[in-house]
Amino acid sequence: MTLALHPAGTADLEAIAALYGREVEGGTATFELTPPDVAEMGRRLAAVNATGLPWLVAELDDRFAGYAYASPFRPRPAYRYGVEVSIYVEPEARGRGVGRALLRALVDDVRSRGLRHLIAAISDSATSAASIALHRSAGFEVVGQYRQVGWKFDRWLDVTLMQLDLAPEGAPPTGPGLDLGGGLA
């Protein structure tokens with residue numbers, strides 16, 4: 001088994017949109033109700049690229065296996081040291097180290113930028129034990145839960161909030177953080 005990661009590009013958009021679309025239509029990892037098309041996923045990729053943050057694709061034996069990206073946590077300047085992480089893995093690739101490799105790469109990239117917080121908002125807490133365990137294994141801690149905040153598939157869904165603090169001692173920042181106007185400051 002060969003696992004490789006690379007920055008997402010336009011050639012990956014069809015596979016990214018297909019995986020995400022299946023999750024929109026049949027899963028609860030996202031609260032979207034209508035799958036975005038390839039063009040919309042291209043706009044989302046461009047928005048992440050504009051911040052300088054990573055959007056990665058995983059391939060297992062040269063086949064698309066999943067993707068992950070970091071995006072600004074919130075748009076206000078005081079949040080410029082935090083990112084939110086998102087990971088989607090093809091069903092047949094789950095349990096094969098794909099999610100772990102993607103998350104590790106995101107953490108390493110965010111750390112190299114001098115940022116401080118990685119946030120994960122994991123939908124449908126009742127059925128997301130694997131995702132919660134993955135994040136916990138990378139050092140994330142549960143910091144809260146939104147109860148019954150999403151209505152999908154005729155039921156209420158919770159969201160578990162997890163956080164990895166890369167500077168838990170509380171030292172001041174060593175750099176300017178994200179430029180939330182469209183690139184790294």
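**Reading the pockets**

Mentor: Happy to! Keep in mind that this is a predicted model. Let's start with the second largest pocket, where H2, E3, E5, strand E6 (141-152), strand E7 (155-165) and strand E8 (178-179) each contribute at least two lining residues.

Trainee: Which residues lie nearest the centre of the second largest pocket?

Mentor: Look for Pro72, Phe73, Arg74, Glu84 and Ala121, which belong to a lining of 23 residues. That lining divides into 13 nonpolar, seven polar and three charged residues, and the volume of this pocket is about 390 Å³.

Trainee: How is empty space found in general?

Mentor: A probe the size of a water molecule is rolled over the atoms, and this shows where empty space is left. In this model, the largest pocket holds about 1100 Å³ of space. Its lining has 39 residues, with Ala29, Ile87, Tyr88, Val89 and Ser131 nearest the centre.

Trainee: Which element gives the most to the lining of the largest pocket?

Mentor: That is E4, with six residues. Among the other elements that supply at least two residues each are helix H1 (13-26) and helix H4 (129-137). By class, the lining of the largest pocket has 20 nonpolar, 12 polar and seven charged residues.

Trainee: Which residues have the most contacts inside the largest nonpolar core?

Mentor: They are Trp55, Tyr67, Leu118 and Phe140, in a core of 45 residues.

How values were computed: Residues are numbered from 1 along each chain as its sequence is written. This is a predicted model: local features need pLDDT of at least 70, side-chain atom pairs count only at pLDDT 80 or more; totals for chains, interfaces and linings use all residues. Side-chain values use heavy atoms; hydrogens and water are left out. On a 1 Å grid over the protein atoms alone, a cavity is a set of points where a 1.4 Å probe fits but cannot get out, and a pocket is an open set with protein on both sides within 12 Å along at least five of seven lines; lining residues have an atom within 4 Å of a point. Grid points are joined across faces, edges and corners, and a volume is the space filled by probe spheres set on the points. Helices (H or I, at least four residues) and strands (E, at least two) are DSSP runs, numbered from the N terminus. Ala, Val, Leu, Ile, Met, Phe, Trp, Tyr, Cys and Pro count as nonpolar, Asp, Glu, Lys and Arg as charged, and the others, Gly among them, as polar. A nonpolar core is a set of buried Ala, Val, Leu, Ile, Met, Phe, Trp, Tyr and Cys residues joined through side-chain atoms within 4.5 Å. Buried means under 20% relative accessible area, exposed over 50%, partly exposed in between (1.4 Å probe, protein chains only).
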